[in-house]
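Subject: Structure for you to look at

Hello,

I am passing on the structure below, with notes on what was found in it. Please read the notes with the structure open.

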Amino acid sequence: MPDSRDEVVAAIEATFPESSRARVLELLDSYGVEPYEQERERVQLAILKLSGGSEEKLREFVALAKRDYRDVLFWAEYPEEARLDTPEKRERVRKMFEKFGIKPPEGF
């Protein structure tokens, strides 16, 4: 089921103080105006999640979403995979090196 405007508004109300909600909604609504800015409500919810209640971060994530909304969705919906360095990722990389007969770099 697609995300809705009501969910976006509810997430704003749960995350930001009343005094900044109109401004936050205006910032969020700057995403989704161009034809290539897809999945408006889903991306807006991801931006809200990633912002952690910070208007500054919200602005940054809106700007990033306007460049490539898929990044924002990935970071919000797959936070463990989005982490740069996890033991599991290091192990997969080490095994990949071994598979190709390459000595892994120091630290793997």
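**The loop between H2 and H3**

Glu-37 sits in the loop between H2 and H3 (helices, H or I with at least four residues, and strands, E with at least two, are DSSP runs, numbered from the N terminus). With a relative accessibility of 5%, Glu-37 counts as buried (buried is under 20% relative accessible area, exposed over 50% and partly exposed in between, with a 1.4 Å probe and protein chains only). Leaving aside neighbours within four places in sequence, Glu-37 is in contact with Ser-30, Tyr-31, Gly-32 and Lys-66, where contact means heavy atoms within 4.5 Å.

Before going further, note that this is a predicted model, in which local features need pLDDT of at least 70, side-chain atom pairs count only at pLDDT 80 or more, and totals for chains, interfaces and linings use all residues. Residues are numbered from 1 along each chain as its sequence is written, and side-chain values use heavy atoms, with hydrogens and water left out.

Glu-39 also lies in the loop between H2 and H3. Its phi is positive, about 50°, although Glu-39 is not a glycine. Most residues other than glycine have a negative phi. Glu-39 is partly exposed, at a relative accessible area of 37%.

**The nonpolar core**

The largest nonpolar core has 21 residues; such a core is a set of buried Ala, Val, Leu, Ile, Met, Phe, Trp, Tyr and Cys residues joined through side-chain atoms within 4.5 Å. Val-24, Leu-28, Val-43, Ile-47, Leu-48 and Leu-58 have the most contacts inside this core. Two or more residues each come from helix H1 (5-15), helix H2 (21-28), helix H3 (40-51), helix H4 (55-67) and H5. H3 gives the largest share, five residues. In soluble globular proteins, nonpolar side chains tend to be buried together.

What does Val-24 contact, apart from its neighbours within four places in sequence? The residues are Ile-12, Phe-16, Leu-48, Glu-55 and Leu-58.

Ser-51 is in helix H3 and counts as buried at 1% relative accessibility. Beyond its neighbours within four places in sequence, Ser-51 is in contact with Phe-16, Lys-57, Leu-58 and Phe-61.

Leu-73 is found in helix H5 and is buried, at 6% relative accessibility. Not counting residues up to four places away in sequence, Leu-73 touches Glu-39, Arg-42, Val-43, Ala-46 and Tyr-78. Its C-alpha atom is 8.2 Å from that of Ile-47, 26 residues apart along the chain.

Tyr-78 is in the loop between helix H5 (69-77) and helix H6 (79-82), and is partly exposed at 47%. Together with Phe-74 and Trp-75, Tyr-78 forms a nonpolar patch on the surface, with about 290 Å² of accessible area. Patches are made of residues with over 30% relative accessible area and no salt bridge, like charges being joined within 9 Å and nonpolar side chains (Val, Leu, Ile, Met, Phe, Trp, Tyr) within 5 Å. Accessible areas come from the Shrake-Rupley method with a 1.4 Å probe, and for residues only the protein chains shown count as cover.

**Aromatic pairs**

The whole structure holds two aromatic pairs (rings of Phe, Tyr and Trp, the last by its six-membered ring, pair if their centres lie within 6.5 Å; planes under 30 degrees apart count as stacked, over 60 as edge-to-face and the rest as tilted). In one of them, the ring centres of Phe-61 and Trp-75 are 6.2 Å apart and the planes are at 65°, so this pair is edge-to-face. The pair links distant parts of the chain, Phe-61 in helix H4 and Trp-75 in helix H5, 14 residues apart. Phe-61 is buried at 15% relative accessibility.

**Salt bridges**

Ten salt bridges were found in the whole structure, each a side-chain nitrogen of Lys or Arg within 4 Å of a carboxyl oxygen of Asp or Glu. Glu-77 and Arg-42 form one of them (2.6 Å, N to O). Glu-77 is in helix H5 and Arg-42 in helix H3, so this pair ties together parts that are 35 residues apart in sequence.

Glu-91 forms a salt bridge with Arg-94, the closest N and O atoms being 2.3 Å apart. These two are three residues apart in helix H7 (residues 87-99), and are therefore separated by about one helical turn. Salt bridges that share partners join Glu-91, Arg-94, Lys-95 and Glu-98 into one network.

Regards
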